[in-house]
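Subject: Structure handover

Hello,

Here is the structure for your files. My notes follow below it.

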Amino acid sequence: MCVVDKSAFVCTLNPTCHELLCELPLCFDNYFQTLFDIVISASAQQGEVESGTRRKIKRLLSFQRYCHASRLLRGLVPHTPGSLHLLDDDYLGQAAHMLSKVGTWNFDIFLFDRLTNGNSLVTLMCHLFNVYGLIHHFQLDMVKLHRFLGMVQEDYHSQNPYHNAVHAADVTQAMYCYLKEPKLAEQLSPLDVFLGLMAAAAHDVDHPGVNQPFLIKTRHHLASLYQNTSVLESHHWRSTVGMLRESGLLSHLPADMSQDMEQQLGSLILATDISRQNEFLLTFREHLDNQDLDLQLASHRHFILQIALKCADVCNPCRVWELSRQWSERVCEEFYRQGDLERKFDLEISPLCNQQADSVPSIQIGFISYIVEPLFEEWHRFTEPSLLSQTMMGHLHKNKARWSRLRYAHTPSDTQTHSHK
Ligand SMILES: [Zn+2]
């Protein structure tokens, strides 16, 4: 538990948060605002307010900053990816070799992340921007690009088993594979590619590791800010816009152009809200039935980018079993952690979050049947079908059958690979 005197940081929003301060991202904004005020006023007295300090502390006002500080308060050593040791040439050589095959579907993002010392997202994005010539096309400043990508990567929570920067890198790699689809590749403009990759990289930034219902029932301020609708997705988008502006990456472009890019990024990221799945699926199906998709139209290309990002976001069951299984275990671990928190604080345990009742195989079978299969069947149709689509559908069916066998082969307790702490 927290070692500081918490009475100084009582949240005015929720009467229970005084007890939850150490465990939940519930009232950290108030907490850090207080901390911010204290530090700034103390510095001001000493005449030492530096803009750098102010900016640094201001950036503490995110889920990620909360968690870092929370670890500090508990006396644990914070870990900053990439800062601990330098990679030797062998690792860099292997990472470079992997990048030469970045468009293959069995790309092992976990290995790539280890080889890049936790910098998979930045490394991958820089590589893909080079591949597509986006830096030259949009006259991007390399220093600003690195600054922006570094901020995005850093704002993912490395302690989340699933929603971390490796998931973002995985989705980006999948998005790249979809952008290369023969049906699509020729039609895409540099702006489409830029937005597709940027949205994939940032689509879950600053994810707290709990879902929207959890934020609503704990009366998190983001839930009221976004009126209980697409709360997380709105936060991911607005955080991305904040980092774009802070880094100045698009500041050299005409204002209407950069504003349009921000809006389109929002539309793409908001499409990943799984509760809007049916809305997108029905429209997609209708277009395919009517054969009226015209990829010469920017609006139709944007819709396909939304669908592609949605596919990339939930493509784990379409990967080869060894990679797919790791993602499945990670996402369930994150669900179970939320369930543990809910149990601990006498909140109702959310669906899929009860480790005693929801096994990994049963969660995966439900996820594949209701979310992944219906979406990828239409994507398969759209690509007419491509070699990649056939490969993905093959993995999807095999993986589903494997989870079915595991479901009946073990009791729920046998399938638990993660123990409660
Ligand atoms: Zn995601």
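First, a word on the annotations: UniProt positions are given in the numbering used here, feature names are shortened, and annotations may be inferred rather than shown by experiment. Residues are numbered from 1 along each chain as its sequence is written. The model is predicted: local features need pLDDT of at least 70, side-chain atom pairs count only at pLDDT 80 or more, and totals for chains, interfaces and linings use all residues.

**The annotated site**

The unreviewed UniProt entry has a "binding site" annotation that covers Asp204. That entry places the feature at His167, His203, Asp204 and Asp313. These residues span 147 residues in sequence, yet no two of their C-alpha atoms are more than 10.0 Å apart, so they gather at one spot.

Asp204 sits in the loop between helix 12 (190-202) and helix 13 (212-217). Helices here are DSSP runs (H or I, at least four residues), numbered from the N terminus. Asp204 counts as buried because it has 25 C-beta neighbours inside 10 Å. The scale: buried means 20 or more other C-beta atoms within 10 Å of a residue's own, exposed 12 or fewer, partly exposed in between, with C-beta atoms placed from the backbone.

Which residues does Asp204 contact, leaving aside its neighbours within four places in sequence? They are His163, His167, Ala168 and His236. Contact means that the C-beta atoms, placed from the backbone, lie within 7 Å.

His203 is also found in the loop between helix 12 and helix 13. His203 is buried, with 27 other C-beta atoms within 10 Å. Beyond four places in sequence, its contacts include His236, Ile269 and Asp313.

His167 belongs to helix 10 (residues 165-179). With 23 C-beta neighbours inside 10 Å, His167 is buried too.

**Helix 12 against helix 16**

The axes of helix 12 and helix 16 (residues 255-270) come within 9 Å and cross at roughly 55 degrees. Axes are lines fitted to C-alpha atoms, for helices over the stretch in contact, and angles run from 0 to 180 degrees between N-to-C directions. Helix 12 is therefore oblique to helix 16 (under 35 degrees is roughly parallel, over 145 roughly antiparallel, 65 to 115 roughly perpendicular, the rest oblique).

Helix 12 brings Leu195, Met198, Ala199 and Ala202 to the contact; helix 16 brings Met261, Gln264, Leu265, Leu268 and Ile269.

Best regards

Notes:
Helix = DSSP H or I, 4+ residues; strand = E, 2+ residues; numbered from the N terminus. Contact = placed C-beta atoms within 7 Å.
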